Amino acid sequence: MLVAIVSLLGAACAGSAESTTTASGDSGDDGSFDAEAYFEGKTIRIVIMHSVGGGTDVTTRYLATHLPGFLPGNPGVAPTNLNFTGGTNLVYEASEDEILIGATSKAQNLYAGVADEQAAYEPLELQLLGGLAPDSRAIILHGNLGVDDFGDVAGQQDPPLRIAGEVAGAEEIVDERFLFPWLCETFEANCEFIQVDDDGSATLNLMMEREEINVTAGGLVSRVNSLGEALTAGRFVLGAVFDVQEGGIDVELPEGVDAPPELKDVIPADSMDEWEVLQPIVGNGGLSTTFYMGPNVPEEVVNVLREGFLALMADEEFLEAFGEQLNTTINFIPGPEAEEILIESTAIYEENLAFYNELQTRYWDDYWSG
Amino acid sequence: MFDAIIEGGKHLGDPAYWGVLAIGLGIATAISLVPGVGSTLMLGIALPLVLVGVEEPAIGIVLLATITGTSNTFDSIPAQLLGIVGSGTQVTFLEGHQLTQKGLGAYSLGAVYAVSAIGGIVGALLLLLLVPIIRPFILSVSFGEIAMLGFFGIVMVSILSYGAMIKGLASGFLGLLVGIVGVHGSSGAERLTFGVYELGFGLPLVATILGLMAVPEMLDLVTSRQPVAPEGSDVSTREVFRGFREGLRRWKMAIRQSLFGAAFGAIPGTGAAVVTWLSYGLGIALSKDRSEFGKGSLDGLLFAESAENAKEAGQALPTLALGIPGATSWALVLVGMMAYGITPGPNILTQHTDIVGLIIITFALANLILTVAALSVTRQVMRLTKIPYPAIGAAIIPVVVVGAFLSDLIFVTLPVLALFTAIGLIMKHYGWPRPPLVLALILAPVIEGNLFTAIAVFGPIGVITRPLTIALAVGVVVSAVFLNRKMRQTMQSVEGASSGQIDPSAHGSSVQVDGNDHTSSVQVTAELAKKSSPALPISRWRLHRPDVVAIGFLTIGVYALSEALTYPGARASTLPIVAASGLTLFSLLQLFMQLRYPERKQGEIMDIGMRTVGTEGAQVAMLKVLVTLAIYVSAIVLVGLKYAGLIFALVLPILLMQGRRRFITALVAAALVGLFTIGIADGLFHVFWPSSLLVSR
């Protein structure tokens with residue numbers, strides 16, 4: 001039985017043999033780092049910090065199938081999935097011999113480690129290989145609210161805005177689960193918050209279809225891709241976008257669907273300062289799918305991998321195919337720039353942590369705990 | 001509608017389609033046979049490769065749909081023949097494995113192939129008919145209705161408890177407690193995690209079920225040193241075809257159960273385990289003779305197997321018609337569809353007729369191909385049941401342990417597997433039925449999550465005034481009363497006929513015996529209910545070994561209750577309080593019954609008993625098995641999980657078998673384990689193995 005299975009799947013095992021050479025041991029005649037010799041026959045392991053089948057998983061696995069062609073020595077690449085904190089701890093602790101790359105959905109996950117007791121890593125000690133510029137995030141409204149965009153919900157009392165989320169304690173309130181209480185207060189709208197056991201996009205889409213909720217949020221591209229028919233038919237409305245990547249909204253909207261306003265354009269002027277402060281907790285933190293390595297990995301290895309990612313992301317054929325798959329354009333932020341973004345976001349996050357904690361506790365008590 | 005078939009059929013002339021179909025079926029077969037490797041994991045790996053390598057959208061999507069849609073066709077083989085139970089094969093294990101032990105493995109597998117093929121084809125036809133009109137049905141089923149389906153499952157807990165009702169109910173309540181372990185999603189309460197971070201995500205389900213059901217069975221079989229099938233049992237192709245004809249003869253039942261499976265599969269959030277258990281329950285409800293269920297019933301096996309294959313087409317329905325995945329693996333098919341620029345939804349039948357048609361054709365075709373393949377290889381596979389189990393166990397047990405680890409990739413799966421193996425063995429030995437525990441642990445999150453979400457969405461009054469919820473609630477109550485009454489009548493008539501005599505040497509269907517002379521606990525319960533004086537000897541209070549189980553369960557119940565009372569809010573505490581109270585109450589009642597009436601007999605229960613109890617040489621064999629397990633655990637600690645299986649595979653046959661043959665067996669077993677752990681788990685999945693003392697990661 002196992003023989004049959006192994007022969008069936010055996011082809012996929014190719015290239016898995018690992019040598020034990022180290023970066024320091026792969027020197028050329030002139031003492032320089034011989035990348036070809038270092039990577040040849042090795043397997044790069046990519047730890048995807050999210051479950052199989054999610055957006056980050058698919059994106060990373062797609063990238064992983066192309067990456068070896070852009071690296072010296074044509075190494076194997078093996079993605080696997082672990083939970084975020086455990087996986088990032090593993091990447092952080094990787095020895096200098098291990099080629100272990102972490103992949104997470106957004107920079108926010110990394111700097112949130114500052115306040116995570118289980119996190120055994122220092123976010124700013126991680127070596128970033130680069131990241132995708134974040135996908136804009138969208139607020140979706142149900143058509144039965146009868147509004148054109150989110151600005152129209154100011155003062156909305158009846159029907160109330162109904163929002164669902166899975167929140168296990170105050171510290172779990174991030175992203176739209178944080179955004180919506182803030183918006184409801186800022187827009188003085190009557191809101192009802194519904195605790196669900198799963199707030200994945202499939203569950204929330206289904207609840208929207210069943211009219212059990214009337215507001216939801218998520219990545220603009222994925223929502224446009226998955227809700228295209230509902231948007232075209234007018235059952236759902238794109239209410240606003242936020243965390244918009246530079247260059248505006250790059251996704252191709254379905255025919256007949258109007259471009260939504262940016263949230264900052266409909267937020268009351270006296271709330272703008274607070275809105276700016278909230279960015280690290282409601283958005284991606286400047287990077288979406290982000291690739292990183294631990295601090296023990298030799299710099300020359302990191303540099304080769306950075307160059308590999310850059311070369312891949314500069315390949316027109318790949319970019320075209322990748323963009324088609326995601327229905328958007330791809331902007332890759334190289335490692336050094338990504339590190340600067342992470343430093344900046346982490347600084348804002350740490351600076352305002354007390355404020356976030358205070359709001360999170362209040363939002364938990366007032367909205368989500370019930 | 002039928003345009004779809006014509007349009008889809010045009011792809012049949014494309015050689016790429018047949019290549020893709022072969023690859024998809026090959027991968028699906030591997031998923032079926034290897035524990036811990038689910039279709040989600042394989043699709044996750046395959047998806048990017050498909051997107052890169054297959055240009056034609058219809059072909060690429062069909063490949064993904066084939067992998068997910070047919071990956072459970074063969075999973076009945078390891079469950080039936082080797083006792084390896086998976087998340088969707090608990091009923092198959094309960095009934096089918098006992099049939100194999102009775103010498104009916106080939107026959108029952110043949111019947112399973114027939115009803116599976118019918119289920120697959122019925123599902124495909126339903127898909128064709130319902131894609132355009134399924135939307136209102138799917139949207140009308142919300143959280144409250146799914147919770148009610150969970151309550152129907154709870155009715156099944158009481159049915160599965162017949163023969164030892166008090167123990168069964170205690171077992172069910174323990175299952176509910178096991179099912180709520182983890183950080184509660186909406187309150188943050190850490191429920192029975194004992195401060196273990198990894199348990200915050202819940203108990204690893206595959207490891208828990210393998211521990212409760214599969215590993216105890218394997219250890220028992222290893223200790224018996226016998227093959228699974230009894231001597232003289234017919235494993236010929238002729239016998240497989242005889243079973244196949246029997247399965248075909250029951251086509252009406254197969255269609256009924258398939259419709260049921262497809263309907264439940266279409267409801268997002270109901271997994272394979274729930275669908276098969278509920279289908280089994282429905283089948284029991286509609287049966288006239290209920291005396292054989294849980295003891296190796298072909299009917300029971302076919303109820304579940306018919307539904308399981310049809311369920312896949314059911315899960316495809318919301319994926320295609322609404323763009324809402326019917327299961328996690330279908331979410332990946334959805335990702336693939338969107339990557340190919342195909343938006344699922346009501347318009348898919350008009351905009352991508354060929355793709356829907358090709359998926360339907362492929363489902364039907366794949367089921368026929370797999371059925372033919374299964375019929376032709378079963379004779380060879382059945383030979384496994386003729387090999388002394390130490391040889392099988394030497395290779396399979398380490399594979400199951402690694403499979404359990406693969407399913408979650410966290411270290412805690414190993415201690416969880418060990419803990420539940422111990423619990424499973426104790427329950428198996430002392431006649432505590434495990435199916436109620438397994439079913440309840442699967443249902444706990446389904447009921448709790450959906451019920452409280454329904455209350456949050458609709459309000460308490462809103463939930464109980466939804467027409468479909470009311471209809472289902474009435475159905476639950478009616479079925480509870482009807483089924484329990486019928487089961488009681490059946491059990492009483494069986495006991496009357498057999499005069500309470502039990503033959504523990506019967507193949508695998510050996511009956512749970514508490515220890516000494518017993519009378520039926522059903523009888524006891526019934527007579528107590530009548531408030532008549534029980535015709536049972538009342539002895540002085542004295543502890544016996546079986547009482548320790550009840551005391552253990554009572555301790556767990558009391559501890560859990562004290563914990564549950566501290567959980568914040570009704571949403572986090574209601575189910576734990578109910579479960580812990582129930583466990584405490586019924587454990588106490590069982591303890592009382594055992595202490596007060598120690599001479600009572602226990603009836604046959606719906607579970608597989610220990611076949612080695614009282615057999616010659618069993619104690620020595622058990623000692624050798626324990627030594628091998630101790631070596632295995634030590635090896636895991638010292639050299640790691642990756643290599644420890646090799647040591648287990650080498651040691652077990654040498655200790656348990658006789659003659660020179662044992663050395664060859666040990667080498668073959670070690671080679672097979674090595675192929676799996678080093679070839680597949682390490683080479684293909686690139687597993688991060690747990691740390692060990694001597695070997696670095």
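Helices (H or I, at least four residues) and strands (E, at least two) are DSSP runs, numbered from the N terminus. This is a predicted model, in which local features need pLDDT of at least 70 and side-chain atom pairs count only at pLDDT 80 or more, while totals for chains, interfaces and linings use all residues. Residues are numbered from 1 along each chain as its sequence is written, chains are lettered from A and ligands numbered from 1 in the order in which they are written, and side-chain values use heavy atoms, with hydrogens and water left out.

**Exercise 1.** Find the element that holds T80(A), decide whether the residue is buried or exposed, and list its contacts.

*Solution.* Begin with the element: T80(A) belongs to strand 2 of chain A, which covers residues 76-81. Next comes burial, where buried means under 20% relative accessible area, exposed over 50%, and partly exposed in between (1.4 Å probe, protein chains only). T80(A) counts as buried because its relative accessibility is 6%. Then take the contacts, a contact being heavy atoms within 4.5 Å. Once neighbours within four places in sequence are left aside, T80(A) is in contact with I46(A), V47(A), I48(A) and R61(A), and also with L409(B), F685(B), H686(B) and F688(B). Finally, consider R61(A), which is 19 residues from T80(A) in sequence and lies 9.1 Å away in space, C-alpha to C-alpha.

**Exercise 2.** Work out which cysteines form a disulfide, and describe the link.

*Solution.* A disulfide is taken here as a pair of cysteine sulfur atoms within 2.5 Å, and by this rule the count over all chains is 1 disulfide. The partners are C184(A) and C191(A), with an S to S distance of 1.9 Å. The angle about the S-S bond is -90°, and the link of C184(A) and C191(A) is left-handed. As for burial, C184(A) is buried because its relative accessibility is 6%, and C191(A) is buried because its value is 15%.

**Exercise 3.** Locate K311(B), and explain why it counts as buried.

*Solution.* K311(B) sits in helix 15 of chain B, which runs over residues 298-322. The residue counts as buried because its relative accessible area is 3%. Setting aside residues up to four places away in sequence, K311(B) touches N72(B), G261(B), A262(B), G265(B), A272(B) and V275(B).

**Exercise 4.** Summarise chain A by its elements, its burial and its contacts.

*Solution.* Counting the elements gives 15 helices and 11 strands in chain A. Of the 370 residues in chain A, 57% are buried. Turning to contacts in chain A between residues at least 6 apart in sequence, 80% of them join residues at least 24 apart.
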